[in-house]
Amino acid sequence: MSLFENTLKQIELAADTMKLDRDVEEVLKHPQREIHVNIPVKMDDGSLRIFEGFRIQHNNYCGPYKGGIRFHPQVDKAEVQALAAWMTIKTSVVGIPLGGGKGGVIVNPKELSEGELERLTRKYIELIALAIGPETDVPAPDVNTTPQIMSWIADEYSKIVGKKSLGVVTGKPVENGGSRGRGSATAQGGVFVLNEYAKENGMEHGETKVVIQGFGNAGGVAAKLLVENGYVVLGASDSQGGIVCTHGIDPNELLTCKIEKESVKNCGLHVEKIHNQDEMTCKMVNNEELLETECDVLILAALENQITAGNADRIKAKVVLELANGPISPEADEILYKKGVVVLPDILANAGGVTVSYFEMLQNADDKYWSKEEVISKLKNIMVDAWNDVKENAKKYDCPLRVAAYITAISRIEEKIKERGGF
Ligand code: NAD
């Protein structure tokens, strides 16, 4: 099943639960516009390569399309469609006036020189320039796209339209119109949601044990914030493998060690919290073992489809927090729900990133910039309100939090459709 088929299943489940108007359901199941481009790039050796890319504009009833651009060899149209639809739902769950879109280019950026990467980015933007803009569609970073790439996008778009247009993209470096706090916003938003859940469900700080799959931007920052908030991070992994330590790890040391030793799996001895002379307290684990570790909270911060019907039964965590997009398949969702595992769903838990992107748009429009404290405090208000709205719908419809988050979002979109007098 493709990732977009997973999304459609999730929309159908929410639509059935809330008895949604079938026309609204159909509209949400079809992206409004799909752009497919072939991007010619002159390589450093003089050869020409054509890269395939997409910009999918899923829905703009609540505001301009909004969503990142992914550079990855496994990008395909269905993945970008799914990610775009999730953006529509996500912006609406947190109640910000934006729609949903996503971009993707089939490329392994690690194989390109900096010059080739810049030429690819600028050409991709030239090909989609007519369809994007600060009030139309505002891209942002996603997997393998950086603040530097966002700066090239702002520059290329500004050249095309003949005026400085920083607001065409978010996730820019702070010195070039970016928002303070954007780099940590996704993890921070997820931690705010987890804190609310923990508070309401008697999970004691100092005793709540967390395991993190994916020690990149979202997962690595989450580990630091969690330890600052009194959680114990037992283990973490990256694409090469992971470690689990009986007494927990120090995330700052793990980040430093990962850079030096390439993978967290090589960092056991360096990061164990309590060094035990007689006993090695850290062990190397593979991806499967990490996911199945006994813990209170499992954080998924790597890729799609990590918990499926094949392994859902073996998950031992009480709570799963999704910082990645789409890491649990619909079949696995059902298995986890029946087992009593609570899933804090991606469309709520990782919405901190797009929320601070929205703050960046506001700051660019005003040309006034906020302090990090102001950003974090505004983010907290939005995340806590969204959590309360989702929780209320979960109670009202007696359904899992993911379905409740969809219902929260879709009700708001339906309202907008009524306001504008139809489709
Ligand atoms: P990233 O590239 O910085 O980090 C991903 C990490 O996952 C890397 O450490 C990588 O080695 C690891 N990984 C890859 N395959 C793995 C596997 N099989 N097992 C364990 N680890 C594996 O990317 P990121 O920005 O942290 O994004 C991670 C996820 O979060 C993606 O799904 C992304 O769409 C989602 N997300 C990110 C943001 C954001 O602001 N960064 C916002 C919303 C959603």
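This report describes aromatic ring pairs and the surroundings of the ligand in a predicted model.

Local features need pLDDT of at least 70, side-chain atom pairs count only at pLDDT 80 or more, and totals for chains, interfaces and linings use all residues. Residues are numbered from 1 along each chain as its sequence is written, and side-chain values use heavy atoms, with hydrogens and water left out.

**Aromatic rings**

Rings of Phe, Tyr and Trp (its six-membered ring) pair if their centres lie within 6.5 Å; planes under 30 degrees apart are stacked, over 60 edge-to-face, and the rest tilted. The model has 3 aromatic pairs by this rule. Y197 and W387 make an edge-to-face pair, with 6.2 Å between centres and 80° between planes. Y197 and W387 are both buried, that is, under 20% relative accessible area (1.4 Å probe, protein chains only). Y358 and F359 form a tilted pair, with centres 6.4 Å apart and planes at 45°. Y358 is buried at 18% relative accessibility, and F359 is buried at 3%. One aromatic cluster consists of Y358, F359 and W370.

**Ligand**

The shell around the ligand divides into 7 nonpolar, 10 polar and 4 charged residues.

| Residue atom | Ligand atom | Distance |
|---|---|---|
| A218, backbone N or O | oxygen | 2.8 Å |
| N287, polar side-chain atom | nitrogen | 3.4 Å |
| L323, backbone N or O | oxygen | 3.4 Å |

Taken alone, the ligand exposes 830 Å², of which the protein buries 82% (Shrake-Rupley method, 1.4 Å probe).

Key: Buried < 20%, exposed > 50% of the residue type's maximum accessible area, 1.4 Å probe, protein only. Polar contact = N/O pair within 3.5 Å; in protein donor to acceptor, adjacent residues only side chain to side chain. Nonpolar A, V, L, I, M, F, W, Y, C, P; charged D, E, K, R; others polar.
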